[in-house]
Amino acid sequence: MLVTFILYNGAALIDRTPPKIPQSILSEHTFRKVALTFHAKLSHSLSILHHIACGKDLKLFLLAIAFLWIVSVIGSYCSSLSLLYFGFLCIFTLPVLYERYEHDVDYLANRGNRDLKKMYRKLDSKVLNKIPRGPVKKDKKNK
């Protein structure tokens with residue numbers, strides 16, 4: 001953008017015509033289609049967040065809390081702009097690195113997943129199963 005700005009405004013100084021900047025024009029049909037797609041994706045994302053916030057799936061709820069905690073810790077050490085830049089950097093470099101080291105990454109991911117499942121089983125057996133629960137209501141059909 002800076003180069004275009006300099007060329008456009010500096011063209012008058014050197015008696016040249018400013019460069020043509022192409023316009024992108026969306027038709028109403030295309031705009032409506034994009035808006036409906038965005039609305040559908042947003043609604044789906046909000047329904048997933050609502051499902052997580054209800055706490056019905058304990059594993060997913062704890063995973064969301066852990067992810068938000070990690071993001072807050074990282075965010076406390078750097079600015080939002082740096083975090084955004086780092087995110088874009090990861091978006092463009094991680095797929096290339098994954099293609100190059102696919103077998104090693106898959107092995108480590110499977111090993112990490114196995115370790116996390118083992119830790120969750122320990123947490124479940126030592127902490128979560130010891131939480132007292134009320135009596136289970138019997139169905140009218142089973143009487």
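Contact here means heavy atoms within 4.5 Å.

## Basis of the model

This is a predicted model in which local features need pLDDT of at least 70 and side-chain atom pairs count only at pLDDT 80 or more, while totals for chains, interfaces and linings use all residues. Residues are numbered from 1 along each chain as its sequence is written, and side-chain values use heavy atoms, without hydrogens and water.

## Overall makeup

The chain contains five helices and zero strands, in the order α-α-α-α-α along the sequence. Helices (H or I, at least four residues) and strands (E, at least two) are DSSP runs, numbered from the N terminus.

Of the 143 residues in the chain, 2% are buried (under 20% relative accessible area, 1.4 Å probe, protein chains only). The chain exposes about 14200 Å², and carbon and sulfur atoms supply 67% of that area (Shrake-Rupley method, 1.4 Å probe).

## Helix 2 against helix 3

Helix 2 (residues 28-54) packs with helix 3 (residues 58-77) at an angle of about 105°, their axes 8 Å apart. Helix 2 is therefore roughly perpendicular to helix 3 (65 to 115 degrees). Axes are lines fitted to C-alpha atoms over the stretch in contact, and angles run from 0 to 180 degrees between N-to-C directions.

From helix 2, His51, Ile52 and Ala53 meet Leu60, Phe61 and Ala64 of helix 3. The residues of this contact divide into five nonpolar, one polar and no charged. Ala, Val, Leu, Ile, Met, Phe, Trp, Tyr, Cys and Pro count as nonpolar, Asp, Glu, Lys and Arg as charged, and the others, Gly among them, as polar.

## Record annotations

An unreviewed UniProt entry lists residues 60-77 and 83-101 as "transmembrane region"; such annotations may be inferred rather than shown by experiment. Residues 60-77 are 100% helix and 0% strand, with end C-alpha atoms 26 Å apart. Residues 83-101 are 95% helix and 0% strand, with end C-alpha atoms 25 Å apart.

Key: Buried < 20%, exposed > 50% of the residue type's maximum accessible area, 1.4 Å probe, protein only. Parallel < 35°, antiparallel > 145°, perpendicular 65-115°, else oblique.
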